[in-house]
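Please open the structure in the viewer and display the side chains.

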Amino acid sequence: QVQLVESGGGLVQPGGSLRLSCTSSNIIFSIHTMGWYRQAPGKQRELVATITSGSQANYADSVKGRFTISRDNARKSLYLQMNSLKPEDTAVYYCNARSPFGSSTWGQGTQVTVSS
């Protein structure tokens, strides 16, 4: 059974930074497209950033220039460096793994709160 576990969330002031991590198990990590998504209260889950098996990154317009997605295939881990955080970045952040065969797995999420 594929498992994804997020960590690194928390409370941060506007303008601050956080680094999210997602560790995986029971997965051929290197072949998966990995992604970060978020869901704010009362809103639908939305894409934050994805990174392909070839390390090509894609970002939502709202986070471009502030967030950086990266992966470490040896550690089977995914990261999201979030800088210049804004209150509107407050959400539960989810890690996603999508295989070349179409299967998709979600982590349990980690809360990020940006508030003074």
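Which residues do ring pairs link into a cluster? The residues are Y37, Y94 and W106. The model in view is a predicted one, and it holds two aromatic pairs.

Begin by selecting Y37 and W106. The two ring centres are 5.0 Å apart and the planes meet at 70°, over the 60 degrees required, so this pair is edge-to-face. Next, colour the strands that carry these residues. Y37 belongs to strand 4 (residues 33–39) and W106 to strand 10 (residues 104–106), so the pair ties together parts that lie 69 residues apart in sequence.

Now display the surface around each residue. Y37 has a relative accessible area of 17%, which makes it buried, whereas W106, at 37%, is partly exposed.

Y94 is buried, its relative accessible area being 14%.

Over which ring does the charged end of R45 sit at 3.7 Å from the centre? That ring belongs to Y94. The charged end of R45 also sits over the ring of W106, at 4.5 Å from the ring centre.

With these residues shown, the view contains the cluster of Y37, Y94 and W106, together with R45, whose charged end sits over the rings of Y94 and W106.

Note on methods: Residues numbered from 1 in each chain as written. Predicted model: local features only at pLDDT ≥ 70, side-chain atom pairs only at ≥ 80, totals over all residues. Heavy atoms only, no water. Phe/Tyr/Trp six-rings, centres within 6.5 Å; stacked < 30°, edge-to-face > 60°. Helix = DSSP H or I, 4+ residues; strand = E, 2+ residues; numbered from the N terminus. Buried < 20%, exposed > 50% of the residue type's maximum accessible area, 1.4 Å probe, protein only. Lys NZ or Arg CZ within 6 Å of the ring centre and 35° of its normal.
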